[in-house]
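User: I'm new to reading protein structures. Could you walk me through one, feature by feature?

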Amino acid sequence: MHPVSALILTKDEAINIEACLDCLRFSDDVVVYDSYSSDETVELAKKYDNVRVVQRKFDNWSTHQNWCMENIEFKHPWVLYVDADERVEDDLAREVQEKADPDSEFAAFQLRRKDMFMGKWLKRAQLYPTWIVRMFRPKNIRYERLVNPIAIVDGKTGDLDGHLIHYPFSKGIDHWFARHNQYSGMEAEELLKVQANRNIPFGDLFGDASARRAALKNIFFRLPIRPHIKWFYYMFWRMAWLDGSAGRSYARLIYLYEYMISMKVKAIVHQRSGKEL
């Protein structure tokens, strides 16, 4: 077993922070990287002996995360990155400590996540198993994209068997809509960048999980009637209906999110042409 640092990005996470920190008690170096929360997030975090707080104003996801990798001095060579609405179960905590060997040949590890909605694991209504890089050596990782950033790893990436448990609706459905309204604007900007680039990265489809994910998003951004395609994919190819009411509802929410992105792209193009909406 090896010591490992932990990182949590926060912004008004008072409702989640204590449960998240409770499952990170195995680490003696937990960094709460806060974007100047207006609630009690920081006060609650400072009650834990193994926690220190670093604050920076949020600008966009990749810049914010890259600043963290470049400027925060972690106590241990390996860092586990967890969102405040995620939970680390005991089996994953043990595995992380086993893998955090300073002499390991790996630069990062990726894992899967179980997304929860209405008390149910969205096994089919989400893109499970999506592999995400969450354990790494800080100097070997950087992030790209304004929103839903892609981790670029300099070195070998391994796999972890354990899962993070994710509660994306822990702040309620209103917060989910507000957050995705913000994200959709950033995604619209990213979509326009993709469409302006005529080169399609088919070669990345044979790369690691992060490269494949970025390539698939790049290709998907070029498709017409994307919201309808995504809803059909989730409902009938992934069989989201097998997740019950939670699965069907989530598929509709994803349709709405994609439709918001499409409408914002049209609005941006319209405005750039000098026309009124």
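User: Let's start with helix H8. How many residues does H8 have, and what distance does H8 reach from its first C-alpha to its last?

Analyst: Keep in mind that this is a predicted model. H8 has 29 residues and reaches 43 Å from first C-alpha to last, close to the 42 Å expected at 1.5 Å a residue.

User: Which residues of H8 are buried?

Analyst: Here's the general idea first. An α-helix has 3.6 residues a turn, so residues three or four places apart point the same way. Now the case here: the buried residues of H8 include Tyr-250, Leu-253, Ile-254, Tyr-257, Glu-258, Ile-261, Ser-262 and Val-265.

User: And Met-263, is that buried, partly exposed or exposed?

Analyst: Met-263 has a relative accessible area of 38%, so it counts as partly exposed. Buried would need under 20%, and exposed over 50%. Just after H8, by the way, Gly-274 takes a positive phi of about 85°.

User: What about helix H5: what does it reach from end to end?

Analyst: H5 covers residues 173-196, and its 24 residues reach 34 Å, close to the 34 Å expected. Among its buried residues are Trp-176, His-180, Tyr-183, Glu-187, Ala-188 and Leu-191. Look at Ala-188: with a relative accessible area of 0%, it is buried. Ala-188 and Ser-262 are 74 residues apart in sequence, yet their C-alpha atoms are 7.1 Å apart in space.

User: How many salt bridges are there in the structure?

Analyst: There are 16. Arg-52 is partly exposed at 32%, whereas Asp-29 is buried at 4%.

User: Which residues are linked in a network of salt bridges?

Analyst: Asp-83, Glu-86, Arg-113, Asp-115 and Arg-134 are. Within that group, the closest N and O atoms of Arg-113 and Glu-86 are 2.6 Å apart. Arg-134 has another contact: its charged end sits over the ring of Tyr-81, 4.6 Å from the centre.

User: How many aromatic pairs are there?

Analyst: The count comes to 14. For Phe-58 and Trp-61, the ring centres are 5.1 Å apart and the planes are at 70°, so the pair is edge-to-face. In general, a pair of aromatic rings is described by the distance of the centres and the angle of the planes. There's also an aromatic cluster made of Phe-117, Phe-169, Trp-176, Phe-177 and Tyr-250.

User: Last one: which residues form a nonpolar patch on the surface?

Analyst: Leu-127, Tyr-233 and Trp-237 do, with about 340 Å² of accessible area together. Leu-127 lies in the loop between strands E7 and E8, and counts as partly exposed at 37% relative accessibility.

Notes. Residues numbered from 1 in each chain as written. Predicted model: local features only at pLDDT ≥ 70, side-chain atom pairs only at ≥ 80, totals over all residues. Heavy atoms only, no water. Buried < 20%, exposed > 50% of the residue type's maximum accessible area, 1.4 Å probe, protein only. Phe/Tyr/Trp six-rings, centres within 6.5 Å; stacked < 30°, edge-to-face > 60°. Lys NZ or Arg CZ within 6 Å of the ring centre and 35° of its normal. Helix = DSSP H or I, 4+ residues; strand = E, 2+ residues; numbered from the N terminus. Expected span 1.5 Å × (residues − 1). Patch = residues over 30% accessible without salt bridge, like charges linked within 9 Å, V, L, I, M, F, W, Y side chains within 5 Å. Areas by Shrake-Rupley, 256 points an atom, 1.4 Å probe, with all protein chains shown as cover. Salt bridge = Lys/Arg side-chain N within 4 Å of Asp/Glu carboxyl O.
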